[in-house]
Number of protein chains: 2
Amino acid sequence: MTRIFDFNLVHRDGDARVGRILTSHGVVETPVFMPVGTQATVKAMTPEELTQIGSTMILANTYHLHLRPGEQVVHAAGGLHSFMNWNGAILTDSGGFQVYSLAQTRKITEDGVQFQSHIDGSRHFFTPERAIEIQRALGPDIMMAFDECPPVESSREYLQQANERTIRWARRCRDALQEGDPTLFGIVQGGLHKDLRAKCAEALVELDLPGYALGGLQLGEDKDQFLEMVSHTTPLLPSDKPRYLMGVGTPLDFLETVERGVDMFDCVMPTRAGRNALLFTRCGRMNIRKAEFTNDMKPVDPECGCYTCQNYSRAYLRHLFVAQEILAARLATTHNLFFFIDLMARIREAIRSGVFQQFKREFLTRYLNPNSGAPHTTPATCCRRSRNERPVFDLTNETPSCE
Amino acid sequence: MTRIFDFNLVHRDGDARVGRILTSHGVVETPVFMPVGTQATVKAMTPEELTQIGSTMILANTYHLHLRPGEQVVHAAGGLHSFMNWNGAILTDSGGFQVYSLAQTRKITEDGVQFQSHIDGSRHFFTPERAIEIQRALGPDIMMAFDECPPVESSREYLQQANERTIRWARRCRDALQEGDPTLFGIVQGGLHKDLRAKCAEALVELDLPGYALGGLQLGEDKDQFLEMVSHTTPLLPSDKPRYLMGVGTPLDFLETVERGVDMFDCVMPTRAGRNALLFTRCGRMNIRKAEFTNDMKPVDPECGCYTCQNYSRAYLRHLFVAQEILAARLATTHNLFFFIDLMARIREAIRSGVFQQFKREFLTRYLNPNSGAPHTTPATCCRRSRNERPVFDLTNETPSCE
């Protein structure tokens with residue numbers, strides 16, 4: 001099979017860019033948000049529903065699929081697209097992040113990482129070559145280099161060693177490529193150290209890969225540090241290749257980092273928050289379980305065009321969550337993913353029209369302060385949001401980049 | 001609002017009948033299987049998906065909706081159809097069965113039943129008039145009389161008292177009707193005593209209700225007793241009115257009781273079994289979790305036209321169940337409901353063509369014995385079925401007629 005991959009920049013507005021990734025499974029307009037389909041399914045959704053809300057590319061997790069059902073099953077089915085009935089583009093991560101964040105008793109050597117499955121304790125050994133081999137069997141459109149993603153609090157000495165290993169491993173991934181393989185992206189690591197980030201970016205750019213990711217961010221650093229690292233790193237990457245900010249993020253993160261030249265995102269936020277009754281609206285987030293919605297017959301977001309908002313009331317959604325119905329997870333996931341994907345479409349439109357800054361300002365005015373009297377905010381359309389709202393789900397046992 | 005209700009018999013083949021129920025929410029062809037939407041949602045399904053698989057009428061549970069979200073919320077939304085976005089027909093039960101099977105510390109008097117919610121222990125009092133009032137607020141197309149459904153092992157003396165109370169309560173339900181109310185069906189009780197069944201049927205027929213149900217069956221009696229009660233009771237009911245066998249059943253039950261003149265069915269079987277990985281096929285049931293399906297790229301039932309069988313393999317479904325994905329429940333529910341509803345369509349077609357007996361024989365030959373060499377059974381299309389298969393879900397804490 002000959003694989004198609006190309007990236008074209010179409011518009012710029014400051015450092016914000018609109019581009020088009022051409023794949024064997026369709027055109028992906030960037031900036032793009034990729035829903036997370038960890039176990040070869042975006043939780044609660046069918047592929048047709050993803051297409052309907054405008055999704056063109058999803059992510060799947062190599063670590064999880066290697067453990068369950070095993071890449072040989074997916075390969076026997078004809079690859080991920082066929083196995084899960086998704087005809088859009090797919091990006092697989094390399095398994096690296098989960099090996100460090102989820103697996104048990106891992107041991108890192110120059111050759112690779114030995115670890116135990118978080119499911120059954122079985123022993124596995126990932127090397128750069130093995131990560132490529134597994135991803136090849138899964139058959140995505142884009143695959144990621146096998147990297148090391150150390151904890152943010154690691155010593156500079158350790159971060160430096162890990163960074164150099166990540167560079168050597170990226171080269172081994174590139175050297176392991178065979179004809180017809182998915183397109184390989186590299187991952188820039190380096191913690192919060194600008195020189196390490198620069199060194200990693202420089203070395204990866206030398207490999208002349210078709211795309212580059214920023215890894216190891218939003219793992220505990222504060223927002224300023226996070227944005228500083230993005231601002232520092234994106235200019236070090238070729239402007240004619242897509243830039244992928246892994247595991248990020250929120251509407252606010254998108255606006256701030258698209259502004260800094262990022263093209264691709266994935267995050268469990270909309271799906272996981274949705275399953276936990278937390279809904280995104282133009283006026284901020286709402287916890288739909290709250291008693292105040294018991295008799296509220298308005299849609300979640302009166303301006304939203306999604307299936308959920310077109311057909312169901314807040315009262316019905318609240319009832320479904322209280323009654324613990326599967327349809328609650330479905331309708332909330334549909335709405336949140338639509339909100340994220342629609343936001344990206346609006347961002348692209350703003351960049352095309354050269355009004356990104358204005359769009360960002362107006363969106364955030366309303367999103368962060370629903371009662372500010374911003375241009376589009378009227379009492380009839382504004383969704384309530386509690387200032388003391390806390391997420392109702394517990395992330396402590398979960399990793400941010402897999403579902 | 002003027003409510004439409006009419007029933008016409010269209011074909012007969014022996015005692016098996018094809019009919020048409022005309023409601024304000026469309027035509028329902030009988031025999032009909034009604035998916036169970038206990039809490040104003042058929043678990044895991046959207047209304048559009050129900051329509052797509054051919055569902056024309058669903059059931060909702062008065063007891064559950066009274067407790068959560070409360071009939072006043074549903075009424076404020078414009079009734080059940082509007083609240084849950086379902087434009088087909090709806091039948092609500094009276095809450096009777098759940099009050100006896102699910103609620104705590106119930107006390108039955110001539111006036112009604114006092115009970116405590118199984119959710120929070122709150123106290124409630126249902127009378128025949130109150131059951132009508134609640135159902136009126138829910139706004140279905142058909143509502144059920146409030147009955148008493150005693151345990152099958154009750155003494156004859158108690159069953160007789162309960163039976164007479166059920167008759168008096170049915171009259172009180174009829175007397176409580178107001179103009180524009182949903183169509184009221186009566187429920188024939190009487191345990192396994194033919195004389196009590198006859199007495200109840202006779203008294204309810206005197207009320208000249210638009211339809212009649214058989215209640216209190218399949219609660220522990222053996223198959224022969226069950227079928228004998230159906231055979232005994234259906235001839236006592238007017239042939240020009242629909243007959244509804246409550247909480248039943250399996251494909252085998254449908255064939256046996258349609259043959260005895262039953263028109264309407266509801267059961268949690270396809271939905272609940274589906275969520276627990278038990279799938280119905282032309283060649284019997286299969287537990288899709290089994291390891292033998294790990295690499296099985298065939299559809300669940302190669303002859304099935306449902307969304308699941310048209311798009312996914314047994315291997316993928318098995319993976320989704322093992323990985324505990326919501327999509328597993330969706331795809332399995334879709335398949336099982338399609339199988340039940342499609343079976344009813346095939347039964348109606350057989351009755352219309354005057355070949356019901358032949359259809360029943362051929363269906364059961366294959367369904368009960370996949371390796372029998374029956375006309376339509378070939379190795380390529382036959383689904384495996386273990387003889388020692390047990391349901392993987394536990395019904396002990398659940399009632400058979402609500403989800």
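1. Start with burial. A residue is buried if 20 or more other C-beta atoms lie within 10 Å of its own, exposed if 12 or fewer, and partly exposed in between, with C-beta atoms placed from the backbone. A:Ala40 counts as buried because it has 29 C-beta neighbours inside 10 Å.

2. A word on the source. This is a predicted model, in which local features need pLDDT of at least 70 and side-chain atom pairs count only at pLDDT 80 or more, while totals for chains, interfaces and linings use all residues. Residues are numbered from 1 along each chain as its sequence is written, and chains are lettered from A and ligands numbered from 1 in the order in which they are written.

3. Next, the two copies. Chain B is superposed on chain A by a rotation of 180°, with 0.0 Å of shift along the axis and an RMSD of 0.0 Å. The two copies are thus related as by a two-fold rotation axis. The superposition is by least squares on the C-alpha atoms of residues with pLDDT of at least 70 in both copies. Which residue of chain B comes closest to the rotation axis? B:Ile326 does, with its C-alpha at 3.8 Å.

4. Now the interface. Chain B brings 30 residues to the contact, and chain A brings 30 residues. Two residues are in contact if their C-beta atoms, placed from the backbone, lie within 7 Å. On the side of chain B that touches chain A, at least two residues each come from helix 3 (71-76), helix 4 (80-84), helix 13 (314-322) and helix 14 (326-352) of chain B. Helix 13 of chain B gives the most to this side, with five residues. Helices (H or I, at least four residues) and strands (E, at least two) are DSSP runs, numbered from the N terminus.

5. What is this side of chain B made of? It divides into 18 nonpolar, nine polar and three charged residues. Here Ala, Val, Leu, Ile, Met, Phe, Trp, Tyr, Cys and Pro count as nonpolar, Asp, Glu, Lys and Arg as charged, and the others, Gly among them, as polar. The copies meet through the same surface, because 100% of the interface residues of chain B are also interface residues in chain A.

6. Look at helix 13 in chain A. Helix 13 (residues 314-322) of chain A is mostly covered, with eight of its nine residues buried. Among the buried ones are A:Arg314, A:Tyr316, A:Leu317 and A:Phe321. What covers them? The cover includes helix 14 (326-352) of chain A, together with helix 3 and helix 4 of chain B. Just after helix 13 of chain A, A:Gln324 takes a positive phi of about 55°.

7. Stay with A:Leu317. The largest nonpolar core has 248 residues, and A:Leu317 and B:Leu317 touch the most other members. A nonpolar core is a set of buried Ala, Val, Leu, Ile, Met, Phe, Trp, Tyr and Cys residues joined through C-beta atoms within 7 Å. Leaving aside residues up to four places away in sequence, A:Leu317 touches A:Ile288, A:Val300, A:Tyr312, A:Ala328, A:Leu331 and A:Ala332.

8. Then A:Phe265. This residue is found in strand 14 (residues 264-266) of chain A. A:Phe265 is buried, with 24 other C-beta atoms within 10 Å. Not counting residues up to four places away in sequence, A:Phe265 touches A:Phe33, A:Met34, A:Leu245, A:Val248, A:Gly249 and A:Phe254.

9. The peptide bond from A:Val248 to A:Gly249 is cis, with omega near 10°. A:Gly249 lies in the loop between strand 13 (243-245) and helix 10 (251-258) of chain A. In chain B, the peptide bond from B:Arg68 to B:Pro69 is cis, with omega near 10°. B:Pro69 is found in the loop between helix 2 (62-67) and helix 3 of chain B.

10. Finally, back to A:Ala40. Is its phi positive or negative? Phi of A:Ala40 is near 65°, a positive value in a residue other than glycine. A:Ala40 is found in the loop between strand 4 (32-34) and helix 1 (47-52) of chain A. A:Ala44 lies in the loop between strand 4 and helix 1 of chain A. A:Ala44 has a positive phi of about 80°, although it is not a glycine. A:Ala44 is buried, with 26 other C-beta atoms within 10 Å.
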